Amino acid sequence: MRNLSIKVIIANRPYPLTVSGEEEEELIRKAAKRINEIVKDYESKYAVKDKQDLLAMCALEYATKAIELESKDVIEDNGLREELEELDALVSKFL
């Protein structure tokens with residue numbers, strides 16, 4: 001994999017980054033686009049003009065969502081996929 005140098009614009013400021021490939025570049029660009037959308041939305045809803053305040057509000061929104069996801073029960077695979085495939089094969093024999 002080859003590293004790529006890219007530049008993303010967040011809240012009208014350029015940020016040079018090095019990414020590990022095209023997939024990561026796409027992910028970073030989508031994230032930057034989403035952040036800019038949220039900042040623009042906050043700008044239109046609130047009388048806040050300082051970009052740092054808008055970025056802080058955006059960070060708070062994302063941190064809140066991350067904490068919500070952490071608190072949800074996540075089912076771990078632990079071989080479940082293989083067992084389901086074996087059951088599927090067994091049932092398929094009798095159909």
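Visitor: In which helix is the place of Lys40?

Guide: This is a predicted model, in which local features need pLDDT of at least 70 and side-chain atom pairs count only at pLDDT 80 or more, while totals for chains, interfaces and linings use all residues. Residues are numbered from 1 along each chain as its sequence is written, and side-chain values use heavy atoms, with hydrogens and water left out. Helices are DSSP runs of H or I with at least four residues, numbered from the N terminus. Lys40 has its place in residues 22-45, which is helix α1.

Visitor: Is Lys40 buried or exposed?

Guide: Buried means under 20% relative accessible area, exposed means over 50%, and partly exposed lies in between, with a 1.4 Å probe and protein chains only. Because its relative accessible area is 62%, Lys40 is exposed.

Visitor: What is the N to O distance in the salt bridge of Glu26 and Lys30?

Guide: Side chains of opposite charge can pair when their charged atoms come close. A salt bridge here is a side-chain nitrogen of Lys or Arg within 4 Å of a carboxyl oxygen of Asp or Glu. Glu26 and Lys30 are four residues apart in helix α1, so they are separated by about one helical turn. Their side chains meet, N to O, at 3.3 Å.

Visitor: Which residues form the negative surface patch?

Guide: Patches are made of residues with over 30% relative accessible area and no salt bridge, like charges being joined within 9 Å and nonpolar side chains (Val, Leu, Ile, Met, Phe, Trp, Tyr) within 5 Å. Asp and Glu count as negative, and the place of the charge is taken as CG of Asp or CD of Glu. One of the members, Glu86, lies in helix α3 (residues 80-94) and counts as exposed because its relative accessibility is 57%. The negative patch is formed by Glu82, Glu83, Glu85, Glu86 and Asp88.

Visitor: What is the area of the nonpolar surface patch that includes Leu90?

Guide: Leu90 has its place in helix α3 and is partly exposed because its relative accessible area is 43%. Accessible areas come from the Shrake-Rupley method with a 1.4 Å probe. Together with Leu80, Leu84, Leu87 and Phe94, Leu90 makes a nonpolar patch of about 530 Å².

Notes: Helices (H or I, at least four residues) and strands (E, at least two) are DSSP runs, numbered from the N terminus.
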